[in-house]
Protein chains: 4
Amino acid sequence: MKCMNKHTDTISEVVATMVQGATNWNTELTQEWLQEYVDDWVSFYRKRTADGEVASYIPILEEANRDHLGISIVGNNGMTVRSGDADIPFTIQSISKVLTFVVACMERGLSYILDRVDVEPTGGSFNSIMHLEISRVEKPFNPFVNAGAITVTSMLEGKTSDQKLEPFYELLEKMLDYRPALNVDVYESERDSSMRNRAIGYYLLETGFLESDLNVTLETYFKQCSVEITIDDLARIGMIIANDGENPANQEEIIPRQVARLAKALMLTCGMYDASGKFAAYVGVPAKSGVSGGIIALSPSRARDETLPFMSGCGIGVYGPALDDKGNSIAGIRLLRHIANQWDLSVF
Amino acid sequence: MKCMNKHTDTISEVVATMVQGATNWNTELTQEWLQEYVDDWVSFYRKRTADGEVASYIPILEEANRDHLGISIVGNNGMTVRSGDADIPFTIQSISKVLTFVVACMERGLSYILDRVDVEPTGGSFNSIMHLEISRVEKPFNPFVNAGAITVTSMLEGKTSDQKLEPFYELLEKMLDYRPALNVDVYESERDSSMRNRAIGYYLLETGFLESDLNVTLETYFKQCSVEITIDDLARIGMIIANDGENPANQEEIIPRQVARLAKALMLTCGMYDASGKFAAYVGVPAKSGVSGGIIALSPSRARDETLPFMSGCGIGVYGPALDDKGNSIAGIRLLRHIANQWDLSVF
Amino acid sequence: MKCMNKHTDTISEVVATMVQGATNWNTELTQEWLQEYVDDWVSFYRKRTADGEVASYIPILEEANRDHLGISIVGNNGMTVRSGDADIPFTIQSISKVLTFVVACMERGLSYILDRVDVEPTGGSFNSIMHLEISRVEKPFNPFVNAGAITVTSMLEGKTSDQKLEPFYELLEKMLDYRPALNVDVYESERDSSMRNRAIGYYLLETGFLESDLNVTLETYFKQCSVEITIDDLARIGMIIANDGENPANQEEIIPRQVARLAKALMLTCGMYDASGKFAAYVGVPAKSGVSGGIIALSPSRARDETLPFMSGCGIGVYGPALDDKGNSIAGIRLLRHIANQWDLSVF
Amino acid sequence: MKCMNKHTDTISEVVATMVQGATNWNTELTQEWLQEYVDDWVSFYRKRTADGEVASYIPILEEANRDHLGISIVGNNGMTVRSGDADIPFTIQSISKVLTFVVACMERGLSYILDRVDVEPTGGSFNSIMHLEISRVEKPFNPFVNAGAITVTSMLEGKTSDQKLEPFYELLEKMLDYRPALNVDVYESERDSSMRNRAIGYYLLETGFLESDLNVTLETYFKQCSVEITIDDLARIGMIIANDGENPANQEEIIPRQVARLAKALMLTCGMYDASGKFAAYVGVPAKSGVSGGIIALSPSRARDETLPFMSGCGIGVYGPALDDKGNSIAGIRLLRHIANQWDLSVF
């Protein structure tokens, strides 16, 4: 039995799993051996799904199976470990914010985007309007809260949502070698139910932040959230961002280096809603979550890993639709913490 | 002439200096050569001091020379580069928050501290009371805003401020091989002028966060802020934290590994007041600033540096008392950005 | 020369005009004599229009003539004093909030409405979303901030905006003996430009406060704001509310007594945006303003007036489109203060 | 049986007791008859004390008897009705804010005070610091929230708390014909426990609002709150304010007319903490409450009362230490509502 005996959520247990320094892993570890570990951890943390709830704010998301938990890890050498419910497709939701940010930067240039959206954590929840009003902000706090993400989406080129999303799909296709599809049911459910996002949209329109027609922007936003992917996809995207936007297999630049590195910084400081600070402290890797239960995480290629060198520059996809009260996968976040600490993935 | 010609503060200039990937440094670079570069950069960024103002909220800090700018860098191999106004002693101010957090964790255990102070960025300014009240928080946001720092100080062991600070001084002495002294004038000036901190203190007292007598806590807090150090000291402290709390010269553990790594995460997400997100994005290394104009920064030993390998695990001290409107050294932050980008120090 | 020489806006001038107690008016004052006074005061306060700005948030309102100032006063004995620009039609804007509140109470019963909208001043501006989110309110603060007014409008009976507004028009007709018309240009301008109100609407929809379809509710709201009236109309409506909803000429009950009295209380505590407290303190009568520059004010019939007995139960309409920074008619508010103090109209 | 059968706190019951217009009181009502009514009402509303809690934030206040309820009414003709627990002395607490405001205005002039404290309701709780910070206010919201009251107290003339309070005591003596005493136990309990007020004090000191030494100001503030009075005293003070500051028995001016009238306006808009709007709407008379369970209320002499003419210009004192969640006497507020509605005291 390789995993530790108890995992609870108290601070003392958090500390117990926090990285103590490299365990003396036998560097001859084969992929099979890692697989065995990960299987154990997944089955252990699956119990934590009972403490969370699937998202209810979009009706169709409630249909997810609360017990699901799956993980996919791709090293920069192509090595893959998959475990648990690894084949369930789900919608990308807020994880799309990383990609539209990347696309907008590629289309407009980094300066243009950063002039219009800040990169500061908010201390507040992802769907807050208050934080815009209370602080009389000059620009939305960051591209990963809804206000900032909708602003970024409004800056995508194109007149229609399909035009705006074409480069987003192209980027996905370049990374994944297939073109993910829109889940039309989820899209329609979001479009018809997400009143808070419409409120944010009108607020942004009134304050002059939006650069496209509001309806087109929201349509685009709801569509980008409703693209269906798998944890293998997330792992692969994460691995490419981890390697500064470059495909390590052929050195092709898919995302400009500057943009990829900025995306990693944003993921670390703002990626996990208002638990981003805790995730940075207790897990220590760039990540972004979505309310469907997905998390993309990665170990930057710069972070030296003495024990498992092929884990530098790895990407990780997690799926676990039972959420905690911040909107993050309750079991997924614990599974990531455990793996990051065991394999010493933290950038710090 | 090695440095670039223009450095302004617009987003497009920020982007221009953002890391593009390793410059092809000649790895035979000698310390002398680095010295020449750094001298150039310091003299360049010194001009930016004219855009800032020395701190005025503590009267005695206003006496600082606005034009000063100095930097000290210590590699984990002991190599040192110093430039500019490197010999001016100044008070440590908020940088002390890193050290009292470390000491409190060593005394009480990490779990005890994390149960009582959160590790989330606030999105607000360092001296905010509002953020406690508005969010009905269970615990102060993080140890680096004043509310959290005062709470941490209240958890230091001892009945008097001198008892409480003895382990703080001992830690400094262990790292620096000398015992820094209190600047009594600054201490008295802070004690007599910092009404906002007293307001925060009484607020914390009323909400039950404080674990020591308020007056003793505030006395301790004002004293810890008034310890006089130099940028060489900051660089050395930074280097030890960078190396997970270990002195690389003799492998002695000065700070427990877990605590040092958590401190680095906190510095990255919360270290630069409400510009922490921008610093993470544009500079990308753990850092902490103080209103006297000091900044401690470091490159974690895990961050691989292909070009200047001895810079992995380096510590940096900066002094530049002209501050921007967030309270960070206006020239210091730009100098750090330039160096981090040229030498590729970002963890991302 | 009857009016005082100087009227500025400093606190000391406010105090100078504050009620000192009954001037020794000759009770034989004729309407002609009052007319002469009012003419003097209007011409005096017209100069203050230069300090304000016409509303710009709805494009068409910018076309108003900033210099206009007019007043109409109707005593409960039918005596009328009119002065200045008394014949300019203008849209009723936020003053309609008083009337939709009255209509909703008549349709649904007072309890139903008060269960769903509070009657507390907010301390914030009329178009705030933040105050809903910051305070996690159970119901919008009051019917006179936009969030509360839109909620009230959603409670009007009927499926379409025209059905919903029919009783509103009927009430106006009963009070005015004619049916005011919608200013279609203003309505379309509001409908197409008021993004903040749409943001509020979606926020209310998401939090479950709205009782009708959002688009119908907003259409109704924009229409109710765009009804065109004159200051004579406002004076007459004010006079009826002043007399507890009864037409003093024939004792007909137009508005239920309870509703009329509650409306007066709301006007006093919440009627003048975030200057309501100052208006209560310095003028002391129930009033409601709108961004087109109208103000309705009244002296409750209960307030004994020793000097000008026929002024108990009077209604006042003011028009002056130059606004102060709170959104109130800058000259109108001063003119009202002067008259209320000279004629001792304050309820206190 | 004269009182109605059921009194609950739902909105529909509030409405049921809301003023419907003058009951047909026999104007020959003797004091004895009124007494009988009031006795009935007091015994009825005493049951509501079970729904409240005595104040706990100052330890000594917890010793109050939760079941107590008493009322004293003084007409401007000297007629008195007393009922229930009318002889319990209690500390004046926040009701003192009315009197220090009056004294400060008498000492400094109204303009001076109004330049430094606003007269706007806040929408927030009485002990909020957030509202100062969030709104970047130029001056505290009003003299009846703690921040404004402490600011007013700092403006009282004198170097020591006793010097500052001498005119406050003199005013009380002039109105009551005796000099109330400080309850030293309560004073010491407040002084030693009210950390929130100290936090507010330091906040005000830092923002430059305070005009006296902070410790002297707080000492004065805690003393003014700890003066012991009875409901007869409150009724008499209320009656004098109701009559514009004049003793109706001998026409002596005790409080300048302007100041008395402004105090009444402030009581109506800001007197009952964050239930002030509801009190204005449902009761409709100027009032001020304190956390010891006292309420001072009054019917302005201008408010005509057709049925009980001697009730125009009456003052009312209530004591009922069981508080609701806003800090107001839970039974007292209902008793006042009932009486105001039955006797038609509302100013509206």
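Helices (H or I, at least four residues) and strands (E, at least two) are DSSP runs, numbered from the N terminus.

## Basis of the model

This is a predicted model: local features need pLDDT of at least 70, side-chain atom pairs count only at pLDDT 80 or more, and totals for chains, interfaces and linings use all residues. Residues are numbered from 1 along each chain as its sequence is written, chains are lettered from A and ligands numbered from 1 in the order in which they are written, and side-chain values use heavy atoms, with hydrogens and water left out.

An unreviewed UniProt entry carries the annotation "binding site" for A:Ser94, A:Asn146, A:Glu190, A:Asn197, A:Tyr221, A:Tyr273 and A:Val291. UniProt positions are given in the numbering used here, feature names are shortened, and annotations may be inferred rather than shown by experiment.

A:Ser94 sits in the loop between strand S3 (90-91) and helix H3 (96-108) of chain A. A:Ser94 counts as buried because its relative accessibility is 7%. Buried means under 20% relative accessible area, exposed over 50%, and partly exposed in between (1.4 Å probe, protein chains only). Not counting residues up to four places away in sequence, A:Ser94 touches A:Tyr273, A:Lys288, A:Ser289 and A:Gly290. Contact means heavy atoms within 4.5 Å.

A:Glu190 lies in helix H8 (residues 184-193) of chain A. A:Glu190 is buried, at a relative accessible area of 1%. Neighbours within four places in sequence aside, A:Glu190 contacts A:Ile58, A:Gln93, A:Phe222, A:Cys225 and A:Ser226.

## Two domains of chain A

Chain A is assigned domain 1 (11-88 + 230-342) and domain 2 (94-225). These bounds come from an automatic or database domain assignment. The centres of the two domains, taken over C-alpha atoms, are 23 Å apart. In the contact between them, 31 residues of domain 1 of chain A meet 32 residues of domain 2 of chain A.

The two domains of chain A bury about 2,700 Å² between them, with carbon and sulfur atoms giving 79%. Buried area is the accessible area (1.4 Å probe) that two parts lose on being put together, summed over both. A salt bridge is a side-chain nitrogen of Lys or Arg within 4 Å of a carboxyl oxygen of Asp or Glu. On the side of domain 1 of chain A that touches domain 2 of chain A, helix H11 (231-242), helix H12 (257-270), strand S7 (287-289) and strand S8 (294-298) each supply at least two residues. H12(A) gives the most to that side, with 8 residues.

## Chain C against chain D

Here 50 residues of chain C contact 50 residues of chain D. Together the chains bury about 4,300 Å², 56% of it on carbon and sulfur atoms. C:Arg302, C:Arg304 and C:Phe348 supply 20% of the area that chain C buries against chain D, more than any other three residues.

Chain C and chain D share 10 salt bridges. One salt bridge pairs C:Asp344 with D:Arg257, whose closest N and O atoms are 3.7 Å apart.

## Positive phi in chain D

Most residues other than glycine have a negative phi. D:Asp177 is not a glycine, yet has a positive phi of about 65°. D:Asp177 is in the loop between helix H7 (161-176) and helix H8 (184-193) of chain D. At 66% relative accessibility, D:Asp177 is exposed.

D:Gln251 also has a positive phi, near 60°. D:Gln251 is in the loop between strand S5 (246-247) and strand S6 (252-253) of chain D. D:Gln251 counts as exposed, at 52% relative accessibility.
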